[in-house]
Amino acid sequence: MALINTPLQPFKATAYKEGKFVDITDADVKGKWAVFFFYPADFTFVCPTELEDLADIYPTLQNLGVEVYSVSTDTHFSHKAWHDTSPAIGKINYYMVGDQNHDISNQFGVLRPGVGLADRGTFVLDPEGNIQLVEITPEGVGRNAAELLRKIKALQYWVSHPGEVCPAKWEEGAETLAPSLDLVGKI
């Protein structure tokens, strides 16, 4: 299913963030870049390694105007308990969203039918609330926050520099390409 450039749909949820339960909606997401970071479940094995990795780059993402919403089908109460008991999860300052009714996981197409858990899905939304990046991996394969950061920088560059594109392995400050007939067959 094609999700690129599709808008975020309405939702309501409760999240755990910095010692508090907070209600969030789709309206709260719009106006800045956002990462929706789905994972299967709290108190598991690969998930804390990914969430801690993401927590380590969260200040950098905030400096880029990006907010992070980690999402699982657990409740916000479970998120708090995990945050309070795990040193890795205790580092998290971004939103930990409870999606026990599966609305958000279904909206993004990551809910495993008949299982009630989300796949590892990463979605980057632009400030208008449109999905600009989609990555879904199986349960046994963890993601790399540094690569996510690289892709967000590329997306932000591409959006702010019409007529230029970022080639493979592009890093901030590297050369970009200006697509034209002159480049066809020469790259």
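Author: Accessible areas come from the Shrake-Rupley method with a 1.4 Å probe, and for residues only the protein chains shown count as cover. This is a predicted model, in which local features need pLDDT of at least 70, side-chain atom pairs count only at pLDDT 80 or more, and totals for chains, interfaces and linings use all residues. Residues are numbered from 1 along each chain as its sequence is written, and side-chain values use heavy atoms, leaving out hydrogens and water.

Reader: Which residues make the nonpolar surface patch?

Author: Ile4, Val134 and Ile136 form this patch of about 230 Å².

Reader: How is the accessibility of valine 134 classed?

Author: Buried means under 20% relative accessible area, exposed over 50%, and partly exposed in between (1.4 Å probe, protein chains only). Valine 134 counts as partly exposed because its relative accessibility is 34%.

Reader: Where does UniProt place the feature "active site"?

Author: UniProt positions are given in the numbering used here, with feature names shortened, and annotations may be inferred rather than shown by experiment. The unreviewed UniProt entry places this feature at Cys47.

Reader: Is cysteine 47 buried or exposed, and what does it touch?

Author: Cysteine 47 is buried, because its relative accessible area is 1%. Contact means heavy atoms within 4.5 Å. Leaving aside residues up to four places away in sequence, cysteine 47 touches Tyr39, Pro40, Ala41, Trp82 and Arg120.

Note on methods. Patch = residues over 30% accessible without salt bridge, like charges linked within 9 Å, V, L, I, M, F, W, Y side chains within 5 Å. Salt bridge = Lys/Arg side-chain N within 4 Å of Asp/Glu carboxyl O.
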